[in-house]
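Please walk through this model with the sequence and the coordinates side by side.

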Amino acid sequence: MSLRGRTTLLAADSLFQPAVSAWYAHRVNNSGGFPMSATPNGTPITMGSGNKLNVPDNPIVPFIEGDGTGRDIWRASVRVFDAAVEKAYGGKRKIAWLEVLAGEKAFKQTNNWLPDETVEAFRKYLVGIKGPLTTPIGGGIRSLNVALRQLLDLYVCLRPVRWFNGVPSPVKRPQDVDMVIFRENTEDIYAGIEWEAKSPEVQKVLSFIEKEFPKDFKKIRFPGSAGIGLKPVSEEGTDRLVRSAIKYALDNKRKSVTFVHKGNIMKFTEGAFMKWGYALAEKEFGDHVYTWGQWERTKEAKGEEAANAEQKEQLAKGKILIKDAIADITLQQVLTRAKEFDVIATLNLNGDYLSDALAAQVGGIGIAPGGNINYVSGHAIFEATHGTAPKYADLDKVNPGSVVLSGEMMLRHMGWIEAADLIVKGMDGAIASKKVTYDFARLMEGATEIKCSEFGDNLIAHM
Ligand SMILES: NC(=O)C1=CN([C@@H]2O[C@H](COP(=O)(O)OP(=O)(O)OC[C@H]3O[C@@H](n4cnc5c(N)ncnc54)[C@H](OP(=O)(O)O)[C@@H]3O)[C@@H](O)[C@H]2O)C=CC1
Ligand SMILES: O=C(O)CCC(=O)C(=O)O
Ligand SMILES: [Mg+2]
């Protein structure tokens with residue numbers, strides 16, 4: 001497989017600060033390594049008609065073990081996945097795992113943080129799973145996690161947040177938390193377009209703003225020492241995210257979709273996200289939804305009482321309520337009025353903050369799964385919400401629950417519902433047994449702390 005070409009350039013451009021990108025390009029163009037294990041016996045998953053996956057009985061599924069705690073977690077999780085599939089299908093179905101490299105392991109073996117082979121494997125085999133990867137702060141490589149999402153155009157970051165009976169929680173009614181976050185995954189300030197303070201690049205950008213937009217330039221308080229970042233938010237990007245969220249709400253008989261935004265301050269990015277979201281909901285799902293936009297129009301024409309009556313009547317018909325909330329108050333209300341939130345559609349950074357905050361309510365980041373999905377191309381990479389938690393690396397200590405449940409989402413996405421259900425059953429049983437990892441044990445009365453690997457065993461025993 002060639003290491004040159006479009007993907008390489010994209011990866012190099014998006015991952016690295018200018019200072020190291022030349023070095024990176026040199027490395028890539030001169031590397032002859034094969035940062036992938038031999039392809040196992042299996043068959044690729046393909047995209048069928050109507051955006052439905054064709055999943056063979058022995059699909060090749062690429063995985064990245066991950067940095068830090070990723071190693072321990074992957075070892076425990078893969079045994080859970082194999083046991084669930086074996087138990088559900090009695091040997092008729094089996095995943096052919098293909099290890100692909102990224103992060104520290106890739107760099108050690110190939111001098112390349114994200115080899116093209118890895119991206120190509122996810123491209124070819126469509127559905128994969130990954131552990132967390134480290135991103136340095138304030139310099140160095142750009143996020144490999146974000147790069148994978150961008151390179152494969154995985155525009156939805158899907159993060160369901162639900163409570164498992166018995167999991168310790170800091171809130172009084174964790175059972176009220178049943179939310180599904182649709183986080184836009186390819187735009188916003190996460191696009192990684194920013195220039196370092198005092199660099200030649202930032203000076204070019206500042207000169208341009210000064211010349212073309214002198215009024216706006218005056219709003220930059222300290223131009224001499226300001227770093228500058230761009231926040232692209234488009235109508236197309238909003239539409240495909242909102243479409244996925246509403247479709248999910250309809251398919252799963254949810255009650256509402258809330259657009260979470262900071263549109264009062266960032267009017268043409270976050271505010272536009274809200275406006276485009278309402279427009280798409282009414283245009284594409286008009287018969288199935290009732291929007292706060294409609295409520296506003298009825299209120300203007302006929303008064304508030306009439307608008308309330310209309311909303312009540314439309315929701316009684318089973319329509320989904322499409323509403324919005326400003327991001328800061330949302331962070332309070334998901335705690336104080338959890339029942340009012342169901343499916344949430346939001347931009348990249350808001351979704352990042354919200355998913356960690358919500359995870360806390362249902363037992364923490366150790367049990368918060370996710371998937372990065374392109375519903376049109378079929379590409380998907382499932383991954384935990386948490387990071388590499390480096391202080392616990394190789395201690396066989398942390399909760400593998402987030403990756404295990406990300407695998408559960410992956411199996412469900414593949415249509416292997418029986419295996420996915422067994423994982424949920426195993427998780428329920430393992431928690432009820434009160435033999436849990438440190439994060440649960442420290443908050444659970446009468447619990448016994450067990451290792452990451454032992455929690456995997458416990459889960460299998462309860463399937
Ligand atoms: N998608 C990805 O690959 C992501 C990568 N990252 C990267 O990970 C690195 C570390 O990030 P950091 O901000 O420390 O966040 P982490 O999520 O890695 O860890 C923060 C804290 O969360 C708790 N935690 C994390 N994982 C688990 C687990 N499996 N079981 C139980 N508790 C857990 C621990 O809490 P306690 O101390 O209370 O025990 C830990 O100290 C950074 O480089 C960051 O960029 C971050 C997020 C996502
Ligand atoms: O890529 C990273 O290092 C962090 C990403 C992150 O926090 C997330 O996607 O939730
Ligand atoms: Mg995050």
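Strand 12 covers residues 320-326, and Ile320 lies in it. The model is predicted. Is Ile320 buried or exposed? Its C-beta has 22 neighbours inside 10 Å, and the cut-off for burial is 20 or more, so Ile320 counts as buried.

Which residues does Ile320 touch, beyond those within four places in sequence? Its contacts include Ala249, Leu250, Arg254, Lys255, Ser256 and Val257. His288 and Val289 are also in contact with Ile320. Lys253 is 67 residues from Ile320 along the chain, yet their C-alpha atoms are 8.5 Å apart.

Turn to helix 9, residues 235-251, which packs on helix 10, residues 267-285. The angle is about 55°, and the axes are 9 Å apart. The two helices are therefore oblique to each other. Their crossing is right-handed. Helix 9 brings Glu235, Thr238, Asp239, Val242, Arg243 and Ile246. Helix 10 meets them with Phe273, Trp276, Gly277, Leu280, Ala281, Glu284 and Phe285. By class, this contact has seven nonpolar, two polar and four charged residues.

Next comes helix 15, residues 401-413. Its 13 residues reach 18 Å from first C-alpha to last, close to the 18 Å expected at 1.5 Å a residue. Eleven of the 13 are buried, so helix 15 is largely enclosed by the rest of the structure. The buried residues are Gly401, Ser402, Val403, Val404, Leu405, Ser406, Gly407, Glu408, Met409, Met410 and Leu411.

What do these buried residues pack against? Strands 5 (127-130), 14 (371-373) and 15 (380-383) are among the partners. So are helix 3 (70-89), helix 16 and helix 18. Just after helix 15, Gly415 takes a positive phi of about 90°.

Two of those partners also pack on each other. Helix 16 (residues 417-432) and helix 18 (residues 452-461) meet at about 115°, with axes 7 Å apart. That angle makes helix 16 roughly perpendicular to helix 18. The crossing is right-handed. Helix 16 contributes Gly426, Met427 and Ala430, while helix 18 contributes Phe455, Asn458, Leu459 and Ile460. By class, the contact of helix 16 with helix 18 has five nonpolar, two polar and no charged residues.

Technical notes. Residues numbered from 1 in each chain as written. Chains lettered and ligands numbered in written order. Predicted model: local features only at pLDDT ≥ 70, side-chain atom pairs only at ≥ 80, totals over all residues. Axes fitted to C-alpha atoms, helices over the stretch in contact; angles between N-to-C directions. Helix = DSSP H or I, 4+ residues; strand = E, 2+ residues; numbered from the N terminus. Parallel < 35°, antiparallel > 145°, perpendicular 65-115°, else oblique. Left-handed = near helix turned anticlockwise from the far one by under 90°. Contact = placed C-beta atoms within 7 Å. Nonpolar A, V, L, I, M, F, W, Y, C, P; charged D, E, K, R; others polar. Expected span 1.5 Å × (residues − 1). Buried ≥ 20, exposed ≤ 12 C-beta atoms within 10 Å, placed from the backbone.
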